[in-house]
Amino acid sequence: MRRPLNRPNGQGSAVLWDLLTFEHLMTGQVIHLIYWAGLALIALGAFGTIGAAVGVAIRDPFPFGLLLAIPVVVGGFLVMGALVLLWRSFCEFYVAIFKISEDLGVLRADMEAERKRVGGPQS
């Protein structure tokens, strides 16, 4: 087992230390930003779908443009809803993977503490 690194004292150096090493993962905070940015892109796609449908309705003669615009809007919203669910599942997958990693780190620390307490073999 590798020896843990010595962490520097002080608030600013501790933040820098966390950025330069992987002792503490920052993915939880970062994935929230990525999630909201992805939702913003999906919302832009939804607005683009509405704009395309309005453009089709305005450009074509009245009955044909309107008949074509309604399915485009409905289909676009169905696709955007599926994209939101898919994006959420991807983000939750990454959060779950990193939570598993954190839990394994805690289990490893507990096992090392138990070995030291019992006086068992060190690996």
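User: What makes the span of α3 close to the expected one?

Analyst: α3 has 57 residues and runs 83 Å from its first C-alpha to its last, close to the 84 Å expected at 1.5 Å a residue. The expected span is 1.5 Å times one less than the number of residues. Helices here are DSSP runs (H or I, at least four residues), numbered from the N terminus. The model is predicted: local features need pLDDT of at least 70, side-chain atom pairs count only at pLDDT 80 or more, and totals for chains, interfaces and linings use all residues. Residues are numbered from 1 along each chain as its sequence is written, and side-chain values use heavy atoms, with hydrogens and water left out.

User: Why is Phe93 called partly exposed?

Analyst: Phe93 lies in helix α3 (residues 62-118). Buried means under 20% relative accessible area, exposed over 50%, and partly exposed in between (1.4 Å probe, protein chains only). Phe93 has 47% relative accessibility, so it counts as partly exposed.

User: Why does Thr49 count as buried?

Analyst: Thr49, in helix α2 (residues 27-59), has 16% relative accessibility and therefore counts as buried. Leaving out residues up to four places away in sequence, Thr49 touches Val72, Gly76 and Met80; contact means heavy atoms within 4.5 Å.

User: Which residues of α3 are buried, and what do they pack against?

Analyst: Gly65, Ala69, Gly76, Met80 and Cys91 are the buried residues of α3. They pack against α2.

User: What follows α3?

Analyst: Gly119 follows α3, with a positive phi near 85°.

Note on methods:
Helices (H or I, at least four residues) and strands (E, at least two) are DSSP runs, numbered from the N terminus.
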